Amino acid sequence: MDTAKQGLSGNNDIEDIKGWCSWVMRIIVRAGGVLVIDKEQSYTRDLFPAFKLFSKHYPEKEQEMRTALWYSINPLSSSGETVKFLNQFGNWLEVETEKWLNTYNPTREIHLPL
């Protein structure tokens, strides 16, 4: 998130902003899928299936994840709007990811055994 925010900060190049937006939103959707990997015993890099798995376990956040999915395909051209989304839903996702990591990978190993 921080890398995307830095890339978007002060950026006026519409195509570059769209590229950053699409890139970070794909990461968000896939991260949502990882949050439920233990419950589903399944993982996919595909965006729509990851969205569906996430939404099944986080119905209260389905709309925000749907927005991230939409922006991954139809990226925003506004760096301000993208950063605003990252500051809201992105920050929530970071907190949830930290909780997941504290449970399943507390030492933050890069390559976990299967």
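Modeller: Let us begin with a definition: a residue is called exposed when its relative accessible area is over 50%, buried when that area is under 20%, and partly exposed in between. Please keep in mind throughout that this is a predicted model.

Colleague: Why is Gln41 called exposed?

Modeller: The relative accessibility of Gln41 is 68%, and the label exposed asks for a value over 50%, so Gln41 counts as exposed. Gln41 is found in the loop between α3 and α4, and its phi is positive, about 55 degrees, although the residue is not a glycine.

Colleague: How much confidence does the predictor give the chain?

Modeller: The average pLDDT of the chain is 95, and 99% of the residues score at least 70. Confidence is lowest in helix α3, residues 37–40, with a mean of 92, and highest in helix α5, residues 62–73, with 98.

Colleague: How do you know that the length of α5 agrees with what its 12 residues should span?

Modeller: At 1.5 Å a residue, the 12 residues of α5 should span 16 Å, and the C-alpha atoms at its ends are 17 Å apart, which agrees. Within α5, the buried residues are Met65, Thr67, Ala68, Leu69, Tyr71 and Ser72, and what covers the buried residues of this helix includes α2, α4 and α6.

Colleague: Which residues touch the most other members of the largest nonpolar core?

Modeller: That core has 28 residues, and Met25, Ile28, Val29 and Met65 touch the most other members. The elements that give two or more residues to the core are α1 (2–8), α2 (14–35), α4, α5 and α6. Ile28, for its part, touches Met1, Met65, Ala68, Phe85, Leu86, Phe89 and Leu93, not counting residues up to four places away in sequence.

Colleague: Why is the pair of Tyr58 and Trp92 called edge-to-face?

Modeller: A search of the whole structure finds 10 aromatic pairs. In this one the ring centres are 5.5 Å apart and the planes stand at 85 degrees; rings pair if their centres lie within 6.5 Å, and planes over 60 degrees apart count as edge-to-face, so the pair is edge-to-face. The pair links distant parts of the chain, with Tyr58 in the loop between α4 (47–57) and α5, and Trp92 in helix α6 (residues 79–104), 34 residues apart. Both rings belong to one aromatic cluster, formed by Phe54, Tyr58, Tyr71, Phe85, Phe89 and Trp92.

Colleague: What makes the pair of Trp100 and Tyr104 tilted?

Modeller: The centres of these rings are 5.0 Å apart and their planes are at 35 degrees; planes under 30 degrees apart would count as stacked and over 60 as edge-to-face, so the pair is tilted. Being four residues apart in helix α6, Trp100 and Tyr104 are separated by about one helical turn. Trp100 counts as buried at 17% relative accessibility, whereas Tyr104, with a relative accessible area of 41%, is partly exposed.

Colleague: Finally, how do you know that the radius of gyration agrees with that of a compact globule?

Modeller: With 114 residues, a compact globule would have a radius of gyration near 13 Å, and the chain has 14 Å, which agrees.

Methods:
Residues numbered from 1 in each chain as written. Predicted model: local features only at pLDDT ≥ 70, side-chain atom pairs only at ≥ 80, totals over all residues. Heavy atoms only, no water. pLDDT = per-residue confidence, 0-100. Phe/Tyr/Trp six-rings, centres within 6.5 Å; stacked < 30°, edge-to-face > 60°. Buried < 20%, exposed > 50% of the residue type's maximum accessible area, 1.4 Å probe, protein only. Core = buried A, V, L, I, M, F, W, Y, C linked by side-chain atoms within 4.5 Å. Contact = heavy atoms within 4.5 Å. Expected span 1.5 Å × (residues − 1). Rg over C-alpha atoms; globule rule 2.2 N^0.38 Å.
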